[in-house]
Amino acid sequence: MSGHPAARGTVAVAGAGPVGLTAALVLARAGIPVTLLEARSELATESRASTFHPATLDLLGELGVAAALRRQGRTVDRVQWRDLDGGVHAELDYALLAGHTGHPYRLHVEQARLTPLLLDALTATGLADVRFGATVTGAEQTGTGVRLRTDDAAGRATVTHHPYVLAADGSRSRLRDLAGLPGTAEEYPDYALRVVTDTPLDELVPGLAALTYVRDPRGSVSLLGMPDHWRLIFRIGRGTPRDEVLAPDAVRARVDGSLPGGAGRAVRVTDAHTYRLARFLLPRYRHGRVLFAGDAAHLTSTAGGLNMNCGLHDAVETARALATVLGTDPADETPLDTALGRRRSVVETAVLPRSEARTAGLDSPAELAARIDGLRRTAADPRAATDYLLQASLLDVAPRPLKGDAHADLVSQAHR
């Protein structure tokens, strides 16, 4: 076992996913040295979250990575609701958000495209010690910080001391377990079936938007156009066995009936898998000097693609507040507690209810008809349509990008 006294003044960030890397980059850009700890031997590459909302792109633009990410993704300029007869219930244009955001569109791209950009930017600051294959196995509060133990792949232990630790280590957070905090998620009554195809659905259905919700009493599905494939996402009742859902004939039948005019029969299935839907919210985002963000702090329904975006907002707001505390008066943690309280409130009052509302009533023809009528009224009213997109994009509850002077102040505080 070895100790590293030099790490005493650095903030530790656990987890090199989008949330951890974003937090580390915000801190480093503010002049705060960071140690980034990741249990994996390299960045994750599996396909997971794939939606970046305008508010998130604004923040990534501030960090200098939004443009490169956009070049790898698919820009989505409208959202559409359709029926199975080929009709369009309603359509909203993201151009309505011009003036509210520097990125009046949604971007579809896998999160694994973002993490290398963040890592390169973080490394370029010269203020980051990035350690892959470092599993956190102990966390002891000392009054002035946290003494962390990490084990490498060979089982060798390292002990470091940090004024704060930011836990961005996912839904199975080891730091949350070490703190003895609750971590059991409540599963929703439905789970999701995601079907992947390389068939260009917008060629099969003229005018199909890259973000389309088919809402029909005969069946509903969400369609997401990615740079090189499409995703079809179906809600499945919990009582339906997954092996039955994933049977090739069952997948084929769902896909066949998913598009107007029977166009689904021309869709080539390249992959099909299920994933659970659950909700979780930590009672508090802080345990002494350990702070929680992203999936370590909350889980929401995947509807609307809000959870990862909210996690990135957690990272920015928490890291900014932490940089302010460390750069001004470390004895006054008010800015940090205020930020953490606000981040939790956003999930409780906005993200959870909005994501759950996306799929509520889909199984009731009467409720579905009422929702479709509401969407038509919204689309016909520019102010209501703008408000809808502001909320769907989290622009009303996200931290705002720092302007030049505000960012300079944050950096100067960290160097005092």
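In the predicted model, the second largest pocket holds about 310 Å³ of space, where a pocket is an open set of points on a 1 Å grid over the protein atoms alone, at which a 1.4 Å probe fits, with protein on both sides within 12 Å along at least five of seven lines, and a volume is the space filled by probe spheres set on the points, which are joined across faces, edges and corners. Its lining, defined by an atom within 4 Å of a point, comprises 14 residues, of which Arg-354, Ala-357, Arg-358, Arg-371 and Tyr-388 are the closest to the centre. At least two lining residues each come from strand E15 (211-216), helix H10 (334-357), helix H11 (365-380) and helix H12 (382-392), helices (H or I, at least four residues) and strands (E, at least two) being DSSP runs numbered from the N terminus. H12 provides the largest share, 4 residues. By class, the lining contains 7 nonpolar, 2 polar and 5 charged residues, with Ala, Val, Leu, Ile, Met, Phe, Trp, Tyr, Cys and Pro counted as nonpolar, Asp, Glu, Lys and Arg as charged, and the others, Gly among them, as polar.

Residues are numbered from 1 along each chain as its sequence is written. Local features of this predicted model need pLDDT of at least 70 and side-chain atom pairs count only at pLDDT 80 or more, whereas totals for chains, interfaces and linings use all residues, and side-chain values use heavy atoms, with hydrogens and water left out.

Helix H1 (residues 18-29) packs against helix H4 (residues 114-124) at an angle of about 25°, with the axes 9 Å apart; axes are lines fitted to C-alpha atoms, for helices over the stretch in contact, and angles run from 0 to 180 degrees between N-to-C directions. H1 and H4 are therefore roughly parallel, a term for angles under 35 degrees. The contact (heavy atoms within 4.5 Å) includes Leu-21 and Leu-25 of H1 and Leu-118 and Leu-122 of H4, and its residues divide into 10 nonpolar, 2 polar and 1 charged.

The axes of H1 and H9 come within 8 Å and cross at roughly 25°, so that these two helices are likewise roughly parallel to each other. Among the residues that meet are Val-19 and Val-26 in H1 and Leu-312 and Val-316 in H9, and this contact has 12 nonpolar, 2 polar and 1 charged residues.

Helix H2 (residues 54-62) also packs with helix H9 (residues 307-327), at an angle of about 45° and with axes 9 Å apart. In H2, Leu-59 and Glu-62 are among the residues that meet H9, where the partners include Leu-312 and Arg-320.

Key
Parallel < 35°, antiparallel > 145°, perpendicular 65-115°, else oblique.
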